[in-house]
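Subject: Structure handover

Hello,

Here is the structure I said I would pass on. Please open it first, then read the notes below it.

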Amino acid sequence: MWRYIGVMSGTSLDGLDIALIEQAEHTRLIATHYVPMPDKLRAELLGLCSSGPDELARAALAENSWVKVAAKGIQTLLTEQNLAPDQIRAIGSHGQTVRHEPALGFTVQIDNPALLAELTGICVIADFRRRDLAAGGQGAPLVPAFHQALFEEIAKPRAVLNIGGFSNLTLIAADQSVSGFDCGPGNVLLDAWVQHCKGEAFDRDGAWAVTGQVHSTLLTRFKADGFFHTKGPKSTGRELFNLPWLKQHLAKLPAIHQQDVQATLLELTAQTISEALQRAQPGTAELLVCGGGAHNKTLMNRLSSLLTGTDVSSTARLGISPDWVEAMAFAWLAHCCLEKIPANRPSVTGANGLRILGAIYPA
């Protein structure tokens with residue numbers, strides 16, 4: 001039995017999720033630690049998501065800052081668990097995605113695994129996405145293989161939905177290869193709009209969205225985006241869905257109440273997820289939701305309404321907190337790398353074949 005640590009920093013840029021697992025025949029979550037993203041670092045990472053001056057130097061400084069935050073969080077977790085660095089086989093570090101352009105053949109995660117290995121004294125596995133990309137894949141999503149390992153003991157078709165900044169689906173059914181893809185925006189536009197209008201980090205429980213009315217014309221314009229009309233394998237990011245994208249749509253219509261925009265963005269997330277699932281895996285019996293969006297009661301209720309005949313619930317129903325599934329996944333991916341187990345799924349990413357993912361930075 002081996003212990004691994006996974007570090008995940010998602011597109012919402014709210015903080016770093018750090019998960020400690022034990023890996024034997026099955027994966028078991030042992031402990032967790034959350035580190036809020038420092039405001040200055042968050043602003044810099046968000047700035048690096050689009051072109052700007054002196055990007056190389058800014059990115060290098062940002063990755064050092066990100067790693068120092070991660071290392072401090074890992075050290076806190078080890079202290080809380082009374083563990084020494086040599087009791088951890090490896091850290092799986094996802095880094096922070098700032099660019100994802102698979103059509104152009106690249107993806108960029110802010111990370112400095114060499115520095116993380118130095119600061120923690122633990123072997124670090126990082127750079128999970130680029131090998132799949134090199135093999136002709138999208139480099140994302142990578143979690144479906146882990147979702148399958150964690151949730152595959154079923155008799156009826158099941159789906160796992162991660163709602164972070166963006167949403168992605170994993171489709172699991174007996175006697176067929178796991179599949180999955182990005183659906184589109186998860187929380188990214190909801191967060192951007194509430195931050196723009198109210199200066200709040202996010203719309204807790206969808207409380208602001210529920211006060212508005214869905215603007216049907218605006219929703220139709222949103223859903224006309226070509227991304228929603230392509231089949232998987234596909235992935236997306238802030239390069240496509242961002243505040244300027246939203247403002248461009250709003251500029252073409254008469255003024256809309258701010259809360260109605262928020263309600264329409266929530267409906268966009270809910271409809272694009274439900275329609276994608278119904279197209280890709282009709283008759284799904286159960287949808288397990290993880291990621292920050294699992295806490296948005298308004299969004300969860302809307303998904304339940306749209307997906308009649310599908311039991312929609314958080315992964316907490318199976319004893320796994322929705323907040324830690326992705327961090328667990330990158331701990332598991334570190335295990336796969338060291339054990340030489342291919343961890344991408346060509347049916348998900350479109351890669352030319354199975355590949356061992358990650359680069360190793362020994363302690």
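Rings of Phe, Tyr and Trp count as a pair if their centres lie within 6.5 Å. By that rule, this predicted model holds seven aromatic pairs.

One of them joins F146 and W332. F146 lies in helix α5 (residues 144-151) and W332 in helix α11 (residues 325-338), so the pair links parts of the chain that are 186 residues apart. Both F146 and W332 are buried.

F227 and F228 form another pair, with 5.9 Å between centres and 80° between planes, which is edge-to-face. Both of these residues are buried as well. Ring pairs also link F227 and F228 with F222, F241 and W245 in a cluster.

Two rings have a charge over them. The charged end of K234 sits over the ring of F227, 4.4 Å from its centre, and the charged end of R89 sits over the ring of W2 at 4.2 Å from the centre.

Next, the nonpolar cores. The largest has 42 residues, and L169 and L287 have the most contacts inside it. Helix α9 (residues 258-280) supplies the largest share of this core, eight residues. A second, separate core has 33 residues, including V7, I18, M37 and V124.

Regards

Note on methods
Residues numbered from 1 in each chain as written. Predicted model: local features only at pLDDT ≥ 70, side-chain atom pairs only at ≥ 80, totals over all residues. Heavy atoms only, no water. Core = buried A, V, L, I, M, F, W, Y, C linked by side-chain atoms within 4.5 Å. Buried < 20%, exposed > 50% of the residue type's maximum accessible area, 1.4 Å probe, protein only. Helix = DSSP H or I, 4+ residues; strand = E, 2+ residues; numbered from the N terminus. Phe/Tyr/Trp six-rings, centres within 6.5 Å; stacked < 30°, edge-to-face > 60°. Lys NZ or Arg CZ within 6 Å of the ring centre and 35° of its normal.
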